[in-house]
Amino acid sequence: MWIFWLIAIPLVLFALGVVLSKNLFRSTIYLGATLVLTALIYLLLHAELLGFIQILLYTGGVATLLVFAIMLTQRIVGEDITQQSRGLVGGAIASLAVLLILFFFLGSSQLDFSVRPYPENLNLALGKNLFVTYVLPFEVLSVLLLAAIIGAIVMARRDR
Amino acid sequence: MTVTPYIGLGFVLFSIGLFGVLTRRNTVGILMAIELMLNASNIVLVAFSRMHGNLGGQLFAFFTITVTVAEVAVGLAIVIQVFRLKKTIHADEITLLKG
């Protein structure tokens, strides 16, 4: 269990850094660290495939995209983008209220939270689920990704 | 072993992300906070998948990650376009749809 806390405490600290840091670029670096640590949490939960997908897609894709966007907007304006926050007290009250409600439900639930074993040969079961049971959502997702790529190119193009 | 700490971690991360969405003025910052919230929901999905010994949760998290990546690509393209138009990415000052 100690290894969970070793990952979870830095994870929460990095997440706080993402929402509190004044420097947008630093926020992105913290977000990258948060996503890598989340991948480690997935490894602890025996979701190895998901952990590696997380590192490939999120850390490789999303963090790089965010850095690109920050660099581009900085270059156009020609000055560093700092970011301010507003309504810190109201935001803190609202998010703490949501947190309390969530923990209240967790505490009052009658569920048995102990772990039940995964099927033998996890990867085989995952593949069967993905390509037999859920093959339609999988294919729809590939179309969605294509639409997103085309949409992003059309949106970000300079001359139209 | 129970999954309760994992679910609690997901709740804490979700609240931090919500705080970011509510308080950030910068559009890219808001997008990052939304990433945090989606990430938190993925942790909870995987934890419940482990709790039930059912792979559905893991697969749903897999789909969520893919949709998120698409969302970020389009969102950042919109941010860059709005930035060219208005020379600002502060969410308060983007009032293109205000009548």
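Visitor: Where is the place of Ile65(B)?

Guide: Keep in mind that we're looking at a predicted model here. Follow chain B along to residues 56-86, the stretch that makes up one of its helices. Ile65(B) has its place there, in helix α3 of chain B.

Visitor: Is Ile65(B) buried or exposed?

Guide: Anything under 20% relative accessible area counts as buried. Ile65(B) comes out at 0% relative accessibility, so Ile65(B) is buried.

Visitor: Which residues is Ile65(B) in contact with, leaving aside neighbours within four places in sequence?

Guide: Part of the answer is in chain B itself, where Asn42(B) is a contact.

Visitor: How far does helix α3 of chain B reach from its first C-alpha to its last?

Guide: This helix has 31 residues, and at 1.5 Å a residue you'd expect 45 Å. The model comes close to that, with a reach of 44 Å.

Visitor: Which residue follows α3(B)?

Guide: Helix α3(B) runs over residues 56-86. The residue that follows has a positive phi, near 60°, and that residue is Lys87(B).

Visitor: How many of the 20 residues of α1(B) are buried?

Guide: Helix α1(B) covers residues 4-23 of chain B. Its reach is 29 Å, close to the 28 Å expected. The rest of the structure largely encloses α1(B), because the number of its residues that are buried is 14.

Visitor: What does Ser15(B) touch, not counting residues up to four places away in sequence?

Guide: Ser15(B) lies in helix α1 of chain B. With a relative accessible area of 5%, Ser15(B) is buried. Its contacts are in chain A, namely Ser95(A) and Leu99(A).

Visitor: Which helix supplies the largest share of the nonpolar patch?

Guide: The patch covers about 910 Å² of surface, and its members include Met1(A), Trp5(A) and Ile93(A). Two helices of chain A, α1 (2-20) and α4 (88-108), each supply at least two of its residues. The largest share is 5 residues, and it comes from α1(A).

Visitor: Is Val89(A), one of the patch residues, buried or exposed?

Guide: Val89(A) is found in helix α4 of chain A. A residue counts as exposed when its relative accessible area is over 50%. Val89(A) has 62%, so the word for Val89(A) is exposed.

Visitor: How many salt bridges does a search of the whole structure find?

Guide: Asp112(A) pairs with Arg116(A) in a salt bridge, with their closest N and O atoms 3.8 Å apart. Both partners are partly exposed, Asp112(A) at 43% relative accessibility and Arg116(A) at 34%. Over all chains, the count is 1.

Visitor: What is the phi of His46(A) near?

Guide: Most residues other than glycine have a negative phi. His46(A) sits in the loop between α2 (24-44) and α3 (48-77) of chain A, and is partly exposed at 38% relative accessible area. Its phi is positive, near 60°.

Visitor: Where is the place of Asn121(A), which has a positive phi of about 55°?

Guide: Asn121(A) is not a glycine, yet has that positive phi. To find the residue, look in chain A at the loop between α4 and α5 (122-133).

Visitor: How far apart in space are Ala63(A) and Gly32(A), C-alpha to C-alpha?

Guide: Ala63(A) lies in helix α3 of chain A and counts as buried at 14% relative accessibility. Leaving aside neighbours within four places, Ala63(A) is in contact with Thr28(A) and Tyr58(A). Along the sequence Ala63(A) and Gly32(A) are 31 residues apart, while in space the separation is 6.0 Å.

Visitor: How far apart do the C-alpha centres of domain 1 and domain 2 of chain A lie?

Guide: The domain assignment gives chain A a domain 1 at 2-86 and a domain 2 at 121-160. Their C-alpha centres are separated by 23 Å.

Conventions: Residues numbered from 1 in each chain as written. Chains lettered and ligands numbered in written order. Predicted model: local features only at pLDDT ≥ 70, side-chain atom pairs only at ≥ 80, totals over all residues. Heavy atoms only, no water. Patch = residues over 30% accessible without salt bridge, like charges linked within 9 Å, V, L, I, M, F, W, Y side chains within 5 Å. Areas by Shrake-Rupley, 256 points an atom, 1.4 Å probe, with all protein chains shown as cover. Salt bridge = Lys/Arg side-chain N within 4 Å of Asp/Glu carboxyl O. Helix = DSSP H or I, 4+ residues; strand = E, 2+ residues; numbered from the N terminus. Buried < 20%, exposed > 50% of the residue type's maximum accessible area, 1.4 Å probe, protein only. Domains from an automatic or database assignment. Expected span 1.5 Å × (residues − 1). Contact = heavy atoms within 4.5 Å.
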